[in-house]
Amino acid sequence: MKIVHVVESLETGGLERVVVNLARSQQASGEQPAVACIYHGGALADELKALNIEVMELNKSPGIDLGLLLRLTRRLKRTDVVHAHNHIPHYYSAIPAGLNGIPMITTRHGMGGDPSLRRERLFRLALPFSSAVVCVCQAAAEARQLETLRRRKPSKIHVIPNGTYLEPFLKPVDPTGLTLRRELGISESAIVFGTVGRLNWAKNHELMLRSFSRAFAGKRHVYLLIVGEGSKRAAVETLVDELDIGRQVLLLGERADVPDLLPSMDVFVLSSKSEGYSVALVEASAAGLPIIATAVGGNGEIVNHETTGLLVSSGDESAMTEAMVRLSGDLTLCSKLGASGRNWSMEHGSFSRMAERYAKLYERCLGG
């Protein structure tokens, strides 16, 4: 089976990691995957190129790019299945897939935006060309953006939660965790909160930082590790300075060793305004970390409140502060929540479970 995944880019992120892992798995299963990047390759492209998996950089021009449509149409002539990921790849793939008579699967990796937005309108216009629409969480499948599709063609909608390779995160906690703490000058007895994700508007690091400051400003035995890069880095740095918590908040930037970083944390925090099905939460669960997360998108389908972590309302600084204080003072509860989260991840969060469901969907769309 010749499969082309269409993405905006292969910059580091949860969506992109899912696509890279899918392509690698499909190649190992004897399929012929390729990835078409609407804009450019990105940090993860070399990982696929090293395995001789084709990565196309289509270099989309600003505005409507008819040349991009022509390039995609030519490339997709040699394809059995098109798998588009999110809005722009979906509606740019629709006409080329339709002209070539190729089944197209579309995965919405987030909750989507206001239905009146241009990208949502274009997404809906392209839906007739899609054989199946995959949502990564039940909340997204029930969102108002898909209301018309649910009413007219409910059989097109499928829910396949994201999965990840769990093995690197199931290692014993102490060795790497203590090593990293020593490198960062953090004592073994300190309490360390941490997060992993892009520094962008959706992750709402401001909520996390303000809540952390309210609870722990000036307390040198409590730290916050922020892993990731993005457009909001300068804003994050400015807020850290304004709150005078620079000695306690460490921005570690983009890291390729997340499985080694997570054991250095005591509590994982995700303060998103919008979220689909967070791979970072699945990985934190596998690492045995208790979680504090905002109750948005699919977060509540990963974090079971009071069982694997604590859920707080999005934007509720008081609730986030209270949750941080509570877990910082109750290591027994942390251990209990973390153990339950690890059990959940092994049952529900594996990559093989996700890949198997996509393979069955491909076969169904091909009529097999």
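**View 1. Helix α1 meets helix α16.** The axes of α1 (residues 14-28) and α16 (residues 351-365) come within 11 Å and cross at roughly 70°. That makes α1 roughly perpendicular to α16 (angles of 65 to 115 degrees count as such). On the α1 side, the contact (heavy atoms within 4.5 Å) is made by Val18, Asn21, Leu22, Ser25 and Gln26, and α16 brings Phe351, Met354, Ala355, Tyr358 and Tyr362.

This is a predicted model, where local features need pLDDT of at least 70 and side-chain atom pairs count only at pLDDT 80 or more, while totals for chains, interfaces and linings use all residues. Residues are numbered from 1 along each chain as its sequence is written, and side-chain values use heavy atoms, with hydrogens and water left out.

**View 2. Helix α15 and its two faces.** With 18 residues (331-348), α15 reaches 25 Å from its first C-alpha to its last, close to the 26 Å expected at 1.5 Å a residue. Leu333, Cys334, Leu337, Gly338, Gly341, Trp344 and Ser345 are buried in α15 (under 20% relative accessible area, with exposed being over 50%, for a 1.4 Å probe and protein chains only). They cover an arc of only 125° around the axis, so they sit on the same side of α15. Thr332, Ser335, Lys336 and Glu347 are exposed on the face turned away from that buried side.

**View 3. What α15 packs against.** The buried residues of α15 pack against β11 (267-270), α12 (279-286), α13 (299-302), β13 (309-312) and α14 (317-328).

**View 4. Asp46 in helix α2.** Asp46 is found in α2 (residues 45-49), and it counts as exposed at 54% relative accessibility.

Notes. Helix = DSSP H or I, 4+ residues; strand = E, 2+ residues; numbered from the N terminus. Expected span 1.5 Å × (residues − 1). Arc of directions from axis to C-beta. Axes fitted to C-alpha atoms, helices over the stretch in contact; angles between N-to-C directions. Parallel < 35°, antiparallel > 145°, perpendicular 65-115°, else oblique.
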